[in-house]
Amino acid sequence: MDKFNIAIDGPAGAGKSTIARLVANTLGFVYVDTGAMYRAVTWKVLSSGISPDHTADVIAVTDRMDIRLAPGENGQQVFVDGHDATAEIRSAEVTGNVSQIAAIADVRRILTVKQKRLAAVKGVVMDGRDIGSHVLPDAELKIFLTASVRVRAERRYNEIQDQRASVTLEQLESEIAARDRMDEQRKTAPLVQAPDAVLLDTTSMTIHEVVERILELCRTEV
Ligand code: C5P
């Protein structure tokens, strides 16, 4: 089989984007970070002065906005209506509001259409929360990446030291746990392991080991 799609889902901070990007680079596939799309909507909503509680306005903004993903040196670059929002979509404010926006069924419907379109060509590694269960149920390989909440908080802590110097590990742990809860409990396309997904607990695995395991699954399972 030449080209196929890989769905990588899992909770916040499990290392999905780093791993998905490395797998995509090795295979010569396109990497699509769907979390960046939900973050882009959240950034647009907040920077337009719209309250995330005003669902109808949030949906109208989502419908109108143009989101483009492009490969960048340190991950995926994200353009919103032509504006490079790559850094802004990672702010603490966006992170704190994104799960509320992502729980709106019509926001998900609009972004899911875009995501399916991006994957139609095959040769895509797509990461998110509902890719294997909902967006690409026919993906040839599905991975559910997880790790203990403590380890995920530690990884995030090391990552964001420059931007949020005052944040504590405990604070990050509770933010991550709260976001997981919202993502798991929402009505539409919640965070769930698809029945045919391979579970990889990365708590005591290195990035290299996880990437190698996924590449091995590509050889043996696809
Ligand atoms: O992957 P990342 O942590 O950047 O995702 C940010 C948020 O976007 C998640 O916490 C979740 O609320 C939402 N999301 C989603 N479905 C996806 C990808 C992300 O609901 N497929």
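I began with the rule for pairing: two strands pair if DSSP finds at least two bridges between them. Helices (H or I, at least four residues) and strands (E, at least two) are DSSP runs, numbered from the N terminus. I noted that residues are numbered from 1 along each chain as its sequence is written. I also noted that this is a predicted model, in which local features need pLDDT of at least 70 and side-chain atom pairs count only at pLDDT 80 or more, while totals for chains, interfaces and linings use all residues.

**Entry 1: the sheet**

I looked up strand 4 and found that two bridges join it to strand 5 (residues 83–84), the two running antiparallel. Within this pair V80 has H83 as its bridge partner, and F79 stands opposite D84. Two residues lie between the strands in this hairpin, and D81 takes a positive phi near 45 degrees there.

On strand 4 (residues 75–80) I also found six bridges to strand 3 (residues 67–72), again antiparallel. A70 is partnered by Q77 in strand 4, and the hairpin joining strand 3 to strand 4 passes through two residues. I could then write the order of this open sheet of three strands as 3-4-5, with antiparallel pairing. Strand 3 and strand 5 are its edge strands, since each pairs on one side only.

**Entry 2: the ligand shell**

Which residues are closest to the ligand? Of the 14 residues that surround the ligand, the closest are G35, Y38, A102, G128 and R129; a residue counts as near if its C-beta atom, placed from the backbone, lies within 6 Å of the molecule. Helix 2 (34–47), helix 4 (92–102) and helix 8 (169–185) are the elements that give two or more residues to this shell, and helix 2 gives the most, with four residues.

I sorted the shell by class and got five nonpolar, four polar and five charged residues. Here Ala, Val, Leu, Ile, Met, Phe, Trp, Tyr, Cys and Pro count as nonpolar, Asp, Glu, Lys and Arg as charged, and the others, Gly among them, as polar.

In helix 5 (residues 105–119), V107, R108, L111, T112, Q115 and A119 are buried. Seen down the axis, these buried residues fall within an arc of 120 degrees, so they line one face of the helix; the arc is that of the directions from the helix axis to the C-beta atoms. The face turned away carries the exposed residues V113, K116 and R117.

Which residues of helix 9 are buried? I found V210, V211 and I214. They cover an arc of only 100 degrees around the axis, which puts them on the same side of helix 9. H208, E209, E216, R219 and T220 are exposed on the face turned away from that side.

**Entry 3: the record**

UniProt, in an unreviewed entry, places "domain: Cytidylate kinase" at residues 6–219; its annotations may be inferred rather than shown by experiment. The end C-alpha atoms of this span lie 12 Å apart, and the span is 51% helix and 17% strand.

The same record's "binding site" annotation (unreviewed entry) covers several residues, P11 among them. I located P11 in the loop between strand 1 (5–9) and helix 1 (16–27). Why does P11 count as buried? P11 is buried because it has 21 C-beta neighbours inside 10 Å.

Definitions and conventions
Expected span 1.5 Å × (residues − 1). Buried ≥ 20, exposed ≤ 12 C-beta atoms within 10 Å, placed from the backbone.
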